[in-house]
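Biologist: Could you walk me through this one slowly? I am new to reading structures.

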Amino acid sequence: MKHNVDMNIKVKETLDSIESIQEVKVSPFFKENVMHKIRHLPEDIQDATWSWFTPKLQLTTLVCVVVLNVMAFNSLKKSDYTENVNSFAESYGLTISSESTILN
């Protein structure tokens, strides 16, 4: 019950504080000045977001990706099929090794 009374007092104080708010005095040309500044921003600021991704950087990135793909393809060609199967089987515990049996 006391909680409700305290809450009502706080609500009343908040509503009473609204009456003390005064109107803000603004220059009559404030909106026009702001709009003028927005319209006349330099264009280079808007283009700065993509300036780091130049054609030189694009070409360099493409060359790096192609070189990495060629290297990966060559390393896959060199590996033997049985090596891959054996490493896969060992990774998932599908091989029987003599040193890790529980029954010995």
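**Talking through the model**

Modeller: Gladly, and please keep in mind from the start that what you see is a predicted model.

Biologist: Okay, how many helices and strands does the protein have?

Modeller: There are five helices and zero strands in the protein, and if you read along the sequence the pattern comes out as α-α-α-α-α.

Biologist: And how much of it is buried?

Modeller: Of the 104 residues in the protein, buried ones make up 1%, where buried means a relative accessible area under 20%. The protein exposes about 10,700 Å², and carbon and sulfur atoms supply 64% of that area.

Biologist: Which residues form a nonpolar patch on the surface?

Modeller: The patch is formed by Leu59, Leu62, Val63, Val66, Val67, Leu68, Val70 and Met71, and together these residues have about 740 Å² of accessible area.

Biologist: Take Val70, then. Which helix does Val70 lie in?

Modeller: Val70 belongs to helix α4, which covers residues 55-78. With a relative accessible area of 45%, Val70 is partly exposed, because that class lies between the buried limit of 20% and the exposed limit of 50%.

Biologist: Switching to charges, how many salt bridges does a search of the whole structure find?

Modeller: The search finds one salt bridge, and it joins the side chains of Lys12 and Asp16, with 3.3 Å from N to O. As background, side chains of opposite charge can pair when their charged atoms come close.

Biologist: Where do Lys12 and Asp16 lie?

Modeller: Both are in helix α1, residues 2-18, and they are four residues apart, which is about one turn of the helix.

Biologist: Is Lys12 buried or exposed? What about Asp16?

Modeller: Lys12 is exposed, at 52% relative accessible area, while Asp16 counts as partly exposed, at 37% relative accessibility.

Biologist: Now the rings. How many aromatic pairs turn up in the whole structure?

Modeller: A search of the whole structure gives one aromatic pair. Phe88 and Tyr92 form this pair, with 4.9 Å centre to centre and 50 degrees between the planes.

Biologist: Why is the pair called tilted?

Modeller: Planes under 30 degrees apart would count as stacked and those over 60 as edge-to-face, so the 50 degrees between Phe88 and Tyr92 make the pair tilted.

Biologist: And how exposed is Phe88, and how exposed is Tyr92?

Modeller: Phe88 is partly exposed, with a relative accessible area of 48%, whereas Tyr92 counts as exposed, at 59% relative accessibility.

Definitions and conventions:
Residues numbered from 1 in each chain as written. Predicted model: local features only at pLDDT ≥ 70, side-chain atom pairs only at ≥ 80, totals over all residues. Heavy atoms only, no water. Phe/Tyr/Trp six-rings, centres within 6.5 Å; stacked < 30°, edge-to-face > 60°. Buried < 20%, exposed > 50% of the residue type's maximum accessible area, 1.4 Å probe, protein only. Salt bridge = Lys/Arg side-chain N within 4 Å of Asp/Glu carboxyl O. Helix = DSSP H or I, 4+ residues; strand = E, 2+ residues; numbered from the N terminus. Areas by Shrake-Rupley, 256 points an atom, 1.4 Å probe, with all protein chains shown as cover. Patch = residues over 30% accessible without salt bridge, like charges linked within 9 Å, V, L, I, M, F, W, Y side chains within 5 Å.
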